[in-house]
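Reader: I have the sequence and the model open side by side. Could we go through them in short questions and answers?

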Amino acid sequence: FEMQFLRSALGYSTGEGDEGEAQAEQRDPPQPPSGLMARGLHWVSSSVRHAASRLTGWDFTADEFQVVAPEEEDHGAEKAEVRSELWELLSRALGMDITHVTLPVWLFEPLSFLQRTAELTQYSSLLDHAAQEEDSLRRLAFVTAFVVAAHSTTERTAKPFNPYLGETFENIREDNRMHYIAEQVSHHPPVGASYATGPGWILRQESRVETKFRGNSVEFYPRGKNYLEIPKFEEIYSWILPTGCVHNVIIGRWWLDHYGDFEVRNHRTGERTKGAFKPSGWFGAHRYEVEGDICDG
């Protein structure tokens, strides 16, 4: 009865499929509750409608405004079923690399690894600044900022599809004169190679990842090398990305974390950045925290 009263207060209509229920209500209309309970329900419904009006800009308080309630579906059983199927697939690979395991399609996003790798270049303006900076330590700082900023593109927990052997992806941005092209050069294990150029710099990357299933999480270890060349100063920088982990693969809400040490090295001057991604603690403490030092040669 309280639900019917709230539906009426919020402006829900029954729709065409509920004609029998509507006719029954007309024959025997429910009487609203009285006293403290009625005032409480009225206050709750009014607060919800006014809050929705302020958030959306729509007048939910108007008498002629009607909202058709969507069908409510309980996906709890469905999620439990697919998680159970995933456990059956991965339980035999406990402690092993799962790159060779055939995974269900609902784990994937409609992108390939080559496209995901291209997302790392969205912060290429930092490399533009590095190529024009006269001070070598400041150049190293810009390159380090590029390495760290690229991790903002890896928050999604869905897995990209493995490209076909020989598949390519190209991205040309006219706004900052950046040109990116990548190719899948190995299928087992999956390895991609990319080449990107911008004003005063050349970026070469190898996308090669090892994984390990640990029961309720999957760790992935980037093994591919990354090289940045700045011809103006005859410098080459290299780095390897830190470890990542997808938590709660079987039980709980999925979330991704990065942790571990990393180093960005200038091979001409010997200068380097020694940094570390802090692992997330309880209630998200230290998540997204990165610290490090830039050291001279």
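Reader: Where does Thr-99 lie?
Author: Helices (H or I, at least four residues) and strands (E, at least two) are DSSP runs, numbered from the N terminus. In those terms, Thr-99 is in the loop between α4 (76-90) and β3 (108-112).

Reader: Before going on, what kind of model is this?
Author: Residues are numbered from 1 along each chain as its sequence is written, and side-chain values use heavy atoms, with hydrogens and water left out. Local features need pLDDT of at least 70, side-chain atom pairs count only at pLDDT 80 or more, and totals for chains, interfaces and linings use all residues, since the model is predicted.

Reader: Is Thr-99 buried, partly exposed or exposed?
Author: Buried means under 20% relative accessible area, exposed over 50%, and partly exposed in between (1.4 Å probe, protein chains only). Thr-99 has 28% relative accessibility, so it counts as partly exposed.

Reader: How far apart in space are Thr-99 and Glu-210, C-alpha to C-alpha?
Author: Contact means heavy atoms within 4.5 Å. Leaving aside neighbours within four places in sequence, Thr-99 is in contact with Val-209 and Thr-211. Thr-99 and Glu-210 are 111 residues apart in sequence, but their C-alpha atoms are separated in space by 7.4 Å.

Reader: What share of the contacts with a separation of 6 or more comes from residues 24 or more positions apart?
Author: The protein chain holds seven helices and 15 strands. Of its 297 residues, 37% are buried. Among contacts with a separation of 6 or more, the share from residues 24 or more positions apart is 54%.

Reader: Against which elements do the buried residues of α6 pack?
Author: Helix α6 spans residues 125-132, and its buried residues are Leu-126, Leu-127, Asp-128, Ala-130 and Ala-131. Trp-201 touches three of these residues, Leu-127, Asp-128 and Ala-131, and its other contacts include Met-178 and Leu-228. The buried residues of α6 pack against α7 (136-149), β8 (201-213) and β10 (226-230).

Reader: Which residues does Glu-119 touch, not counting those up to four places away in sequence?
Author: Glu-119 is in the loop between α5 (113-118) and α6. Its relative accessible area is 19%, so Glu-119 is buried. The residues it touches are Leu-111, Thr-153 and Arg-156.

Reader: About how much accessible area does the nonpolar patch containing Phe-161 have?
Author: Patches are made of residues with over 30% relative accessible area and no salt bridge, with like charges joined within 9 Å and nonpolar side chains (Val, Leu, Ile, Met, Phe, Trp, Tyr) within 5 Å. A salt bridge is a side-chain nitrogen of Lys or Arg within 4 Å of a carboxyl oxygen of Asp or Glu. Phe-161 is in strand β4 (residues 159-161) and, at 34% relative accessibility, counts as partly exposed. By the Shrake-Rupley method with a 1.4 Å probe, where for residues only the protein chains shown count as cover, Val-105, Trp-106 and Phe-161 together have about 290 Å².

Reader: Which residue of β15 stands opposite Ala-276?
Author: Two strands pair if DSSP finds at least two bridges between them. Strand β14 (residues 272-277) is joined by six bridges to the antiparallel strand β13 (residues 255-266). β14 also pairs in the antiparallel sense with β15 (residues 290-295), over six bridges. Opposite Ala-276 stands Glu-291.

Reader: Near what omega is the peptide bond from His-188 to Pro-189?
Author: Most residues other than glycine have a negative phi, and most peptide bonds are trans. Pro-189 is in the loop between β6 and β7 (191-198). The bond from His-188 to Pro-189 is cis, with omega near -5°.

Reader: What is the phi of Glu-234, about?
Author: Glu-234 is in the loop between β10 and β11. With a relative accessible area of 68%, it is exposed. Although Glu-234 is not a glycine, its phi is positive, at about 55°.
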